[in-house]
Every structure is written in structure tokens, then in C-alpha cells.
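Please open the structure in your viewer and keep the selection tool at hand. The tour below moves from one selection to the next and tells you what is found at each stop.

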Amino acid sequence: MYALNRRSGILTLGLLFFLPSLGRAQTPPPFALARRADDFVESIGVATHWGYPDTPYGFAYETVKALLAASGIRYVRDGQHPRLTDLYVSHGIRATVIADPGDASKTRDALKAIRNVLAMVEGPNEVALFEKSAAYQGKGFPEGPRLWTNDLHRTLKADPDLRNLPIIAPSTGRAGANAQLAPLTAFDYCVMHPYAGGQMPSTSLYSDINNNIADAYALLGEGATLKPIVVTESGYHTALGSNVVLGGAQPGVSEVAQAKYLPRHFAEYFNAGIVRTHIYEFIDEFEDYKKDEREATNAEACFGIVRRNLIPKPAYMAIRNLIALLSEAHWDPTGQQWIRPSPEFVPRALRLSMAGNTTNVHHTLLQKANGDYFLLLWQEVSSFDLSERKDITPPEADITLSLGAPASVTVYRPGTGMAPVRPTANGVTSLTLPVPDEILVVRLSGIVPPETAGRPPSPRVSASATRDSATISWQFAEKERPAAVFVTRLGRLVGTANSDEKNGLTDTGLLPGKRYLYQVVACDNAGRLSAPIRTTVATRSEYADLIVTDVGFAEKPEAGKPVRLTATIRNTGNAPTPTGIVHGVAFSVNGQMVCWSDDFTGPLMPGESRKVTSNAGPKGVPHWIAASGTFKIRATADDVRRLPERTHENNTREQSVTVP
């Protein structure tokens, strides 16, 4: 057995050197799992607003339509609008349509009228923020969205023409709101709106901010089988003159950084098993700057990858070039259908290994039906300094890639254009690449796999679980010797065993009280995959549960002087809190946050208490400037929901204090 953390399951592998085979016996590189290149393209979507007549979506529709078609993006997310039909008929662009609360029968009929246009239907938008999105049958959040979701699901699934139309959960838009809606399961896909707040893309998947993966799963409730996730909003704005956006503060990035981050964003999310990621949005809705992005003060006007003046931003070009390199499908307007690779095409695993400065280098391995592999490489590091508001150019990371068979190698940098950045080299078995902070595409063609008869054997699989981990074990018949075994969870690779000496792996960092679906496949020496074996693992319903038992001061409060705040937190649950995760406590005075504690990282055993003291705060100030009078001091444990608790409803304590 060996352990693998759920956050590091990616096989982390950019002047260009090609090295020939050394001509002596060497241990072949291990196998890496490849996915269909066109499936990556299928995972890319964008939000639009065709119903806004005072924006280019309305008054410049034909130009915007042409730009969208030229980008290669096949999916939009929007409300119902007649132009969705035109986009589909002309270019095969399909829509995820938002279904607001209303008459379920009328919604069903409206969707049936455009069924061929629809990719998915989504529940109401950010129901914890917008009263209109939550209102149904005289009720608001959370009862209204819960009733509407169940009625919509029941109505659509009962209709023969719509029963196979995938339904996405309603989004909430506020930390902890999914837990208030739980348990809710009347949908096919969970949903996320994970904005990275100007940080690198991966931070929004697992970070402490709301709308991360754990928060998306909270909607399902205790004991639920986890469902795949669709992201219907995410992205970066380029207004550098303001931090303010709808719903809170979110700093902008430069157009250069946006062009680096968004292709990485799609790749990171694809690796994480996200079914489709819609960035917000396609075109800047309103005029905000004419010369320089530092003039822009309206963040909501600057999330697009095309400016309001219809000039593409660098991010548009980078995404368009990446899609053009990887796409295998084309739209047949006569037959009104996409011509895609055969569903029977299953990529082969590829022998490759990485060495060198691999610390921050991530990758995605793809294969086309013609046999060519496409290895996407990038450094997952910051490309923009949020405090100084300027671009960062980190040093390139030198990586040596070793192949199990000679290949013709061509390297592209989509952010700079479609032409190769180096001429194609043939017969390559090893190459050194300096990897930048934007995606490189390494095309590996002409690889001839060894001939092997029959199909690789499928393993016999068993599984067990704790409250936050699952162990997947497998066995083969005595004469069956697979070259590698791969384990995925909802589309995310969580582990690889490249030796028949390995007979299992442990996937850690899971949520308690959930059912996880795993898939196990084996490959032979030709890289061919066996039939997948699926197994469901239920983690134990054991939780920590934090309460605040006391609120006070580290020093005697005196009017006009700084004073640090303290809180005693106690674990009243039946499981310890995790080690290494911040046990944060936020302090507010008369409803205004003044400071917080974030230096205790556990664990806290059941029944144990710990006194913490504020050590940080807004603008780095870890204290409150006391004033004379009576004040309400509130302490909230696990304020940004880092820890898996049975409930967060009991995490706050408020006390009145009087300062002379």
C-alpha cells in the first residue's frame, strides 16, 4: 500500500534539448494515464448575456457571434433567449440554461421547444444572495429553492423528451449556504462558482474561500453519494483601478495574467474531475477604460475575454489557440450534428517520467484518435502581484521528460501563437523543457506501441474507509501481470501503481459521512486499458464540532489603547479536528470584524479545549482599539469553514463587555 493526498494526485512532471537513447538497457519509464483530447475541449464553456441589449451581446450580436464561433468554445451558460437557437444552428454551440423559479410545467414546455439546443439546465442563480432567485410558492431561501429544485426535477424527469437532460443544482453564492439547503439531491450535477480572487487557479478548488469543492458537496447532506461537479461561473476581471465586485471584494489581474491563468484554470479544473467549466464571461459588458486597464474601476464590466470595443484580449487568443491544437470535432451544419471521435476510442496509457525542478509543475496528458499525445505543462505559481498590482515573471522550471518509445516532438506555446516554438525533432526519447507559468503543449507523435494480444485483465477490487480516507485494494490472477493500475474518483486521477508489487492505495483528505465513487483500470505493456471496475466507498460519519465557550481579552482593555481578543474553543464532536489545518476564529465588535486568530492548526481531540488569541486582522492589525462604553464581542470558530464539522450553526458566542 501507499498513501496519496487528494490534493496532490496530479502526476507533476519548459530553450529545448532533445537527447537520444543511450543504447544500453534502462528501466522503462512508468505509465501515465491519458484522456481524450476532445473531452478536454468539451469541458470548456463561457457565460454570456444575450438578453442585455445595451451591451455588445445585443447591439453587436453578429460580431460577437463570429468571435465566439472562432474561439472554438462549444458551450455557453445563459438564460433562455431566442439567439441560443441561432448559435446552435449556425455553429453547434449548445447552452446550459438557467431555470428560475416559476411554473414547472411552463418551464418544461419552454425547454422542450429548444431541446436540441440544450446541453444542461441549471437551477436558479445564487439563491442565497438574490431574493428573486429564491422566491417560490411564497417562500424564500432556503425553503423556496429547495421546493423549486424538487418540483423542477420531478417535472423534467417525468417527460420522455427531457428525462435525459442533465440538471445542475442551484448555486448559492455564499459560504455555508449549501449546508442550509441540505439535504438536496434532485439534480444530476453539483455546482460551483469558484472565483480565485486574483490568485492562481488551483486555489479556488480547495482553498478556504467559499464555493470550493467541499462546499459544493455540502448541499447533498449526510450519507449522500457524491455527484460530479459543473462550474457555471468562474474567472478573472481585468479592472485594476478597483477591488469591488458584486458580492464582495475581488482584486483584478492584468490582461497578461488573465491570459496565463485562464488556460491553466481549464486544465486544473479538468484534472480535478470538473465536468465543464464556464468562465465568466465572454465579452466586457460596459465601457470602463480605453487605453490602459489601470484606468478601470468597474470590475463587473471587465470579466470578459473580449473588450467592449470587440477587440480580443490576450486570454481570448490563448484559449482559441489551445482549443485549435486539441480539438478533433467539427460542426456539420447540414446534418446539424457534431462529428467527433468515435465513442469507442479509448486513449492508451503512455510511458513517461519527469525529473528536475518538478515542485510546481502540473500537467494534463491527452491523446487524439490518430494516436498523437498532447502533454500540457505549466507552473502552477502566481503570475500577478496583487499587492503591487503588477505582473510577475517567475523563473522557468527545467524539466527532463523521458519517454518509453521514440517520438516526434513538437512544442507549442498557445499564449504566444499557433506556430511551434521549436522545430519538430524525430526519434526523441528524452527532452529538457523550461516550463513557464503558462501552458506549453508538447505534441508526441509517431509512437508505435508494442503488439499485444487480447485485452488487459481487469482486477478484483475491494475497499475500506475511515472518516477521511479510503483504501482501494486490488488483486489479479496469478499469471496476470498488469503494467500499471490507475485509480480515479469522479474523473480525477488519485493514484497510479506502476508495479505489480503494489496492490492498493489510500486516498486521504476526504469528507466524513459521504459515499465516494472510484474507478480502477489496469493497463498492459502496450498501454491498453482494461474494462473499468467501479466501487463505492462510504466514509464514516465521525465529525468534530467546535463551539466557543468563552470570549475575552489578552490584556485589560483601556479606552484608546489596542487590545487583543481571546476565545476558548472546545471540540464537542466524536472525532478529532484534522492536523495541519488552521482552526480560525474571527472576532467582531458590534458586528464589525476587527481581527482574527489563525495560528492554531490542531488537532483538538473530542472534549478538549484550546484558548486562542488574535494574531492577525484587516491590514495586518491583530487587535481592537478599545473605546469607552458597552460592546458586543463576538467570536466565530472556523469562520471560513476550513474544517469538516457536523454543523456550523453552533460556532458563535457573543458576550457584552464594558470598557471604562
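Are α3 and α4 oblique or parallel to each other? Before answering, note that this is a predicted model, in which local features need pLDDT of at least 70 and side-chain atom pairs count only at pLDDT 80 or more, while totals for chains, interfaces and linings use all residues. Residues are numbered from 1 along each chain as its sequence is written, and side-chain values use heavy atoms, with hydrogens and water left out.

**First stop: α3 and α4**

Select residues 61-71 for helix α3 and residues 83-91 for α4; helices (H or I, at least four residues) and strands (E, at least two) are DSSP runs, numbered from the N terminus. Their axes come within 11 Å and cross at roughly 45 degrees, where axes are lines fitted to C-alpha atoms, for helices over the stretch in contact, and angles run from 0 to 180 degrees between N-to-C directions. The two helices α3 and α4 are therefore oblique to each other, since angles under 35 degrees count as roughly parallel, over 145 as roughly antiparallel, 65 to 115 as roughly perpendicular and the rest as oblique. The crossing of α3 and α4 is right-handed, a word used when the near helix is turned clockwise from the far one by less than a right angle. Now show the side chains of Tyr61, Lys65, Leu68 and Ala69 in α3, which meet Arg83, Asp86, Leu87, Ser90 and His91 in α4; contact means heavy atoms within 4.5 Å.

**Second stop: the buried face of α3**

Stay on α3 and colour Tyr61, Val64, Lys65, Leu67, Leu68 and Ser71, which are its buried residues; buried means under 20% relative accessible area, exposed over 50% and partly exposed in between, with a 1.4 Å probe and protein chains only. Seen down the axis of α3, these residues fall within an arc of 165 degrees, so they line one face of the helix; the arc is that of the directions from the helix axis to the C-beta atoms. Among the elements that cover them are β5 (44-47), β6 (75-78) and α12 (314-326). Just after α3, look at Gly72, which takes a positive phi of about 85 degrees.

Move to helix α5 (residues 104-113), where Ala104, Thr107 and Leu111 are buried. These residues cover an arc of only 60 degrees around the axis, which puts them on the same side of α5. The face turned away from that buried side carries the exposed residues Lys106 and Ala113.

**Last stop: Ile625**

Finally, select Ile625 in strand β38 (residues 624-625); at 47% relative accessibility, Ile625 counts as partly exposed. Its contacts, not counting residues up to four places away in sequence, are with Gly560, Lys561 and Pro562.
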